Amino acid sequence: MQYIEIPLSENRTRLDRCIRRLLGNINQAVLEKFLRSGLILLDKKKVKSSIKVETGQKIYFSSEINFEKKQNKKLWDFHTYEFYKNLFNKICIKNTKHYIALNKPNGLAVQGGTSQKYHIDEMFKYLFEDHNIPKLVHRIDKDTSGLLLLATNQSSAKQLTSNFREKQIIKTYLALVSPCPKSNMDILNLPLHKSGFREKQKIEVNFLKGKNAVTQYKVIDKNSDNFALLALYPKTGRTHQIRVHLNYINSPIVGDKKYNGLNRSKFYENKTFRHKKIINSSNETLLTKNLQLHAYSIRMPSNEVIEAEISKDFKKNLKILGLSLPENVSKIFVK
């Protein structure tokens with residue numbers, strides 16, 4: 001019989017799922033039959049498919065078993081592989097034995113869909129071997145730029161998922177909004193509900209049907225009452241949460257085509273923005289093509305802070321408006 005040793009990435013995972021990731025696809029009923037008959041063994045012993053495996057154990061299997069191998073995308077689509085390799089090198093902030101941190105650009109989806117040509121999920125399937133593919137532990141919108149964290153193995157994925165669930169990780173976002181919120185700081189406790197269907201689906205505040213959603217924010221700089229730079233801490237992780245909450249309090253995010261961020265587009269296009277901090281910027285207009293929402297930092301339970309630099313558009317908009325980004329943003333919501 002042949003055997004394969006279980007790597008660290010599969011520690012404490014189910015045997016059946018581990019087999020599929022390491023050896024290839026196999027029908028569950030057939031897999032159960034092979035386990036009962038001894039054609040597949042764990043450390044030379046018969047076991048059930050649901051048993052949790054550990055690093056260093058060996059899966060023995062008969063050479064007669066035909067696993068359905070996944071096609072190697074690197075061979076049949078070299079150009080896509082090269083695209084993803086260059087993209088990864090460009091957006092990777094940090095790569096450790098426990099996690100990979102990316103600075104995701106606007107417009108790049110985290111997971112695939114009918115209209116998505118490229119996405120983060122596929123990028124890692126191209127660049128990593130099947131049993132070492134980094135695992136998503138949280139998500140950010142396609143239109144949102146900034147920090148995205150992935151676990152490098154199953155054990156780290158479980159730990160980070162638990163940290164997010166128990167709110168032991170503090171995520172800080174930056175948003176450019178117009179007009180300024182009425183309060184300089186607040187906690188928005190506004191339940192959210194999905195309405196519509198597919199492409200026309202939107203999220204709305206609904207106090208009868210909505211699910212709990214809480215966002216804390218603080219104004220960190222503003223240009224009169226027209227524009228403000230906000231730091232935000234989403235204490236829950238609902239779809240489009242920050243965008244809907246800010247729109248509800250009449251401070252939509254600049255560039256948000258879905259939630260009223262362009263309802264003042266004529267003002268954006270025709271108004272010349274001047275501020276005492278800006279010199280010779282009379283011909284500059286605000287950039288509104290992309291959503292001006294950025295996942296800026298993550299503070300880990302160990303107090304390690306990971307930051308993702310804001311985009312060129314975001315920087316330029318801050319300069320046009322004379323707004324400043326302080327150095328202590330990642331500490332704002334730390335108790």
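This is a predicted model: local features need pLDDT of at least 70, side-chain atom pairs count only at pLDDT 80 or more; totals for chains, interfaces and linings use all residues.
Residues are numbered from 1 along each chain as its sequence is written, and side-chain values use heavy atoms, with hydrogens and water left out.

The chain contains nine helices and 15 strands; helices (H or I, at least four residues) and strands (E, at least two) are DSSP runs, numbered from the N terminus. Of its 335 residues, 46% are buried, where buried means under 20% relative accessible area, exposed over 50%, and partly exposed in between (1.4 Å probe, protein chains only). The accessible surface of the chain is about 18300 Å², and carbon and sulfur atoms hold 47% of that; the areas come from the Shrake-Rupley method with a 1.4 Å probe. Among contacts in the chain with a separation of 6 or more, 66% join residues 24 or more positions apart, a contact being heavy atoms within 4.5 Å.

Helix α1 (residues 15-23) packs against helix α2 (residues 28-37) at an angle of about 105 degrees, and their axes are 11 Å apart. Axes are lines fitted to C-alpha atoms, for helices over the stretch in contact, and angles run from 0 to 180 degrees between N-to-C directions. Helices α1 and α2 are therefore roughly perpendicular, a label for angles of 65 to 115 degrees (under 35 is roughly parallel, over 145 roughly antiparallel, the rest oblique). On α1 the contact involves L15, D16, I19 and R20, and on α2 it involves Q28, L31 and L35.

The structure also holds eleven aromatic pairs. Rings of Phe, Tyr and Trp (its six-membered ring) pair if their centres lie within 6.5 Å; planes under 30 degrees apart count as stacked, over 60 as edge-to-face and the rest as tilted. Y84 lies in helix α4 (residues 78-91) and Y118 in the loop between β5 (99-104) and α5 (120-127), 34 residues apart. Y84 is buried at 0% relative accessibility, whereas Y118 is partly exposed at 25%.
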